[in-house]
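Biologist: Can you walk me through this one? I'd like the packing and the sheets.

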Amino acid sequence: MSFPRQLLALVRKDLKLFRADRRALIVSFAVPAMLALLFGLVFRSTSGSGVHIKSRVVNLDPGSAASLRLADALAADPLLAALPASRAEAEDLLQKGKIDVALVIPEHFAAQTAAASRSAGARPTLEVLADPTSKMEAGIAQGAAARAVMQALAPELDADYLRCASTGSPFTAEIRAVGAGGDHYDGAAHALAGMGVQFILIGAVDSAVGMLNERQQGLFRRLRAAPLARATLITSRLLSGAIIALLVIVFLYSFGSMTLGITIKGSKLGFGLVAVGFALMAAALGVLISTFGKTPQATRGAGVFIVLIGTMLSGAWFPSFMFPSWLRSATLFVPSRWAVDGLDAMTWRGLGIDAALAPAGVLLLAAVIFGGWAATRFKWD
Amino acid sequence: MAGAPMQYAAPVLLEAKALKKRFGKLTAVDGVSLGVAAGSCTGLLGPNGAGKTTTVSMIAGLLVPDAGEVLLSGRPLRGETDPLKRKIGFVPQDLALYEELAARDNLAVFGALYDLAPAALERSARDALALVGLAERAGDKVKTYSGGMKRRLNLAAALLHDPDLLILDEPTVGVDPQSRSAIFDNLNLLRGRGKGILYTTHYMEEAERLCDRIVIVDHGKVVADDSLRGLEKLAPPTRRMTVALEDTTSTAWLDELRTLAGIEAAEVANHSLSVTLDDLAGAPKVLAFLAQRQQRFTHFATERIDLEGIFLTLTGRNLRDP
C-alpha cells in the first residue's frame with residue numbers, strides 16, 4: 001500500500017542529496033561537458049581543414065624555376081605552410097622536436113623529374129625528413145608533396161605522361177626519420193613519460209587532499225601551537241612531495257628499463273634536471289591545489305580533472321599533431337607538456353643536456369610560481 | 001558578574017586580558033579575561049558556542065585577537081615562531097594525531113616541532129607515554145587505538161617539551177569513564193608538579209573535580225569568575241532534601257507531612273521522598289516525623305548547588321542545551 005509513497009520519498013531524497021553534493025554535480029555535468037568540448041575540438045580539427053603540419057622546405061635546386069614554383073607551392077599548401085630553411089637548420093629543428101617534417105628538393109629535381117616523365121632518365125627522390133614521433137604527419141606530408149610536385153611541375157612534364165593515368169610517378173618520395181637517438185620512435189618511452197607525469201600529478205592531488213584532511217582533523221591547530229613558521233610547513237610539503245615524485249620516476253624508469261628496454265640515450269644529468277624540475281613542480285602544484293580546496297572530496301574531484309586535462313594537453317594521450325594549431329601553441333603554457341618533452345628528449349631522442357635546460361627551467365619556474373602562490377594563499381584554518 | 005581580580009599565591013603563568021574576537025558579524029569572544037597560576041587549574045566553562053575554543057585559540061597563538069592581550073609569564077606572544085610558545089602545551093579538541101603512524105612516531109613529529117634533540121625527545125616520549133599508560137602500545141599505529149587511548153595520546157603529545165602551561169580544549173569528549181579518570185589522574189599529577197592548567201569543558205563535574213578556579217562564559221562574555229565555593233555563593237541556597245525510603249506501599253502520612261510548619265512541598269516517587277523546606281534547618285524535623293510514623297529510610301541528603309544550577313541562575317539557560 002505504501003510502496004508508491006516510499007518509492008517517491010526515497011527517489012526525492014536521492015535527488016535532493018545529489019543536488020546538495022556540489023562535487024557530484026560537477027562530476028556529472030561540468031566534467032563530461034568540458035572533456036567533450038576538448039575532445040571535440042581535437043577531433044573536429046583532424047577531420048576538417050584545421051590540421052597543420054609544422055614543416056620546412058629545403059630547396060637544393062634553386063636554379064630551376066620549376067623547383068622554385070614547387071617550393072612556393074609547398075609554402076602555399078594550407079596543410080604544410082612549409083617555410084624555407086637550409087638542410088642543417090631543418091635537421092636541427094627536427095632533432096629538437098620543433099617541427100614535424102622537412103621536405104628536401106634535391107639538386108636537378110625538376111629536370112630529372114621531367115626527364116623521367118619521358119622515360120629519359122632515372123626518377124629523382126624527394127626526401128621527407130620526419131621527426132620519429134611524427135610518422136602520421138610524415139605520411140600526410142608525403143601525399144601533399146606529391147600533389148604539389150605534379151601541379152607545380154606540370155609544364156615540364158611530358159604531355160603523353162600526363163594523359164596516361166597508369167604510368168608510374170616520375171619521382172619518388174621517401175620518408176626518413178631524423179633524431180639524435182636514432183630513427184626509431186620509441187612509443188614505449190613516450191608512454192612511460194606520459195603515464196609517469198600523469199600519475200605523479202595525481203599523486204600531487206592526493207597530497208593536496210592529505211593536507212586538507214590534516215587541516216580538517218585539527219592537526220594544523222596542533223602544528224600552529226608550536227613555534228612553527230608557515231614557510232617551514234609549506235617547504236616540508238614541497239620537499240616530501242618532490243622526493244616521492246622522484247622516487248616514482250626512478251622506479252618507473254628502472255621498471256621500464258628492465259621490462260621494455262627503455263634507456264636514457266641522452267644526457268643523464270639532463271634527465272635528472274628535468275626529473276627534479278618536474279618533481280618540484282608537481283609538489284608545488286599539490287600544495288597550491290590544497291589552498292584552493294574547501295573539502296577533501298571536492299578537491300580530489302577538481303584536482304583529478306585538472307590533472308587529466310593537463311596530461312591530455314601534454315601530448316601523453318595522443319599526438320599533439322591532432323590538436324588545432326592554437327591549442328598546440330597553448331600547450332606551451334602547460335608545464336606537464338614540458339615534462340613529457342624533456343623526458344622524451346633525454347630518453348629515446350638521445351639529446352644532450354642543452355635540450356634539457358629549457359624544460360627544466362620552465363618546470364622550475366612553474367614550481368616557484370605555484371609554490372609562491374600557495375604560500376600567499378595558505379591558511380592554517 | 002565576574003568576581004574580583006584573583007590573587008595568586010603561585011607565579012602567574014597566563015594572563016589573558018579583555019580578549020575580543022569577531023568573525024564577520026558574529027562576536028565570538030567579547031572581553032574575556034582570565035588567569036592561570038603555576039600548580040593550579042582554571043576551568044573555562046560554558047555551553048557549546050559560548051566562545052571557549054576561540055578564547056583558548058587566542059591564548060595558544062592560533063588566532064590573533066581583535067583586541068586585548070595574552071601574557072605568558074608576563075610577556076606577550078608575538079608571531080607564529082615566538083619561542084614563548086614553548087611554554088604552552090596545547091591539547092586540541094580534535095584528535096590531532098597521524099592515524100597511520102605509530103604513537104612513538106607521532107610523538108617524534110610533535111616533539112621535533114619544539115626543537116627537541118633526538119635523545120631528549122626519546123626520553124620525553126617515553127616518559128609521556130608512561131604517564132598516560134601507553135608505553136606498551138608505543139609501536140602500534142594510532143588507528144588501532146580505542147577512542148580513550150587516542151585521547152590520552154593527544155594529551156601526551158602536548159607534554160613532550162615540558163611546558164609550564166597546559167591548555168586543554170575539551171579533552172574528554174567521547175571518552176569512556178576509565179580513560180576520563182586516567183586523564184584526570186594525569187592532570188592532577190601534572191598540577192602537582194607545578195604545571196598550570198587551563199581546562200575548557202561543558203561538563204560541570206569535570207570542572208568541579210579538577211579546577212581551583214572556574215570562569216563561566218556565555219555568548220562570548222565572562223558571566224562568572226571565582227572558585228567553586230565563591231560561585232556557590234552566587235546562587236540562592238538550595239532548600240531541598242531527599243530521603244530514600246525502604247517501603248512506599250503506603251504514603252497516607254504524606255498529606256500530614258505537608259501540613260507541618262516550614263514544609264513547602266513534599267512528593268514521593270521511586271522510593272524517594274523529596275521535600276522542599278523554607279529553611280534547611282527544618283530537615284531534622286522531617287526525619288523525626290518519619291521516625292514517628294515508622295517509615296524506615298536508608299539514606300537522606302540535602303541538595304548542594306552545582307555548576308549546572310549556578311549557570312542556570314546566572315544566565316537563565318541550561319548549560320548543556322544552549
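Modeller: We'll take the conventions, then the domains, the helix pairs and the sheets.

Biologist: What should I know about the model and the numbering?
Modeller: It is a predicted model; local features need pLDDT of at least 70, side-chain atom pairs count only at pLDDT 80 or more, and totals for chains, interfaces and linings use all residues. Residues are numbered from 1 along each chain as its sequence is written, while chains are lettered from A and ligands numbered from 1 in the order in which they are written.

Biologist: OK, domains. What does the assignment give for chain A?
Modeller: Domain 1 of chain A covers 55-177 and domain 2 covers 187-377. Such bounds come from an automatic or database domain assignment. The centres of these two domains of chain A, taken over C-alpha atoms, are separated by 42 Å.

Biologist: How many residues of domain 1 of chain A are in contact with domain 2 of chain A?
Modeller: Eight residues of domain 1 of chain A touch eight residues of domain 2 of chain A. Contact needs C-beta atoms, placed from the backbone, within 7 Å. The domain 1 side of that contact in chain A has one nonpolar, four polar and three charged residues. For the classes, Ala, Val, Leu, Ile, Met, Phe, Trp, Tyr, Cys and Pro are nonpolar, Asp, Glu, Lys and Arg are charged, and the others, Gly among them, are polar.

Biologist: And the domains of chain B? Which stretches are they?
Modeller: Domain 1 of chain B is 12-232, and domain 2 of chain B is 240-302. Their centres in chain B, over C-alpha atoms, lie 46 Å apart.

Biologist: Helices now. At what angle do helix 3 and helix 6 of chain A pack?
Modeller: Helix 3 (residues 65-76) and helix 6 (residues 135-152) of chain A pack at about 135 degrees, with axes 9 Å apart. That angle makes helix 3 of chain A oblique to helix 6 of chain A. The cut-offs: under 35 degrees is roughly parallel, over 145 roughly antiparallel, 65 to 115 roughly perpendicular, and the rest oblique. Axes are lines fitted to C-alpha atoms, for helices over the stretch in contact, and angles run from 0 to 180 degrees between N-to-C directions. Helices (H or I, at least four residues) and strands (E, at least two) are DSSP runs, numbered from the N terminus.

Biologist: Which residues meet there, in helix 3 and helix 6 of chain A?
Modeller: From helix 3 of chain A, Ala66(A), Arg69(A), Leu70(A), Ala73(A) and Leu74(A) meet Ala145(A), Ala148(A), Val149(A), Gln151(A) and Ala152(A) of helix 6 of chain A. This contact of helix 3 with helix 6 of chain A has eight nonpolar, one polar and one charged residues.

Biologist: How about helix 8 and helix 14 of chain A? At what angle do they cross?
Modeller: Helix 8 (residues 187-216) and helix 14 (residues 335-346) of chain A cross at roughly 145 degrees, and their axes come within 9 Å. Helix 8 of chain A contributes residues including Ala193(A), Gly194(A) and Val197(A), and helix 14 of chain A contributes Ala339(A) and Leu343(A), among others. By class, this contact of helix 8 with helix 14 of chain A has seven nonpolar, three polar and one charged.

Biologist: How many bridges join strand 1 and strand 4 of chain B?
Modeller: Five bridges join strand 1 (residues 12-23) to strand 4 (residues 67-72) of chain B. Ala16(B) has Val70(B) as its bridge partner in strand 4 of chain B.

Biologist: And what about the hairpin of strand 4 and strand 5 of chain B?
Modeller: Two residues lie between the strands of that chain B hairpin, and Ser73(B) takes a positive phi near 50 degrees. Strand 4 and strand 5 (residues 75-76) of chain B pair over two bridges. Leu72(B) is bridged to Arg75(B) in strand 5 of chain B.

Terms used
Contact = placed C-beta atoms within 7 Å. Pairing = 2+ DSSP bridges.
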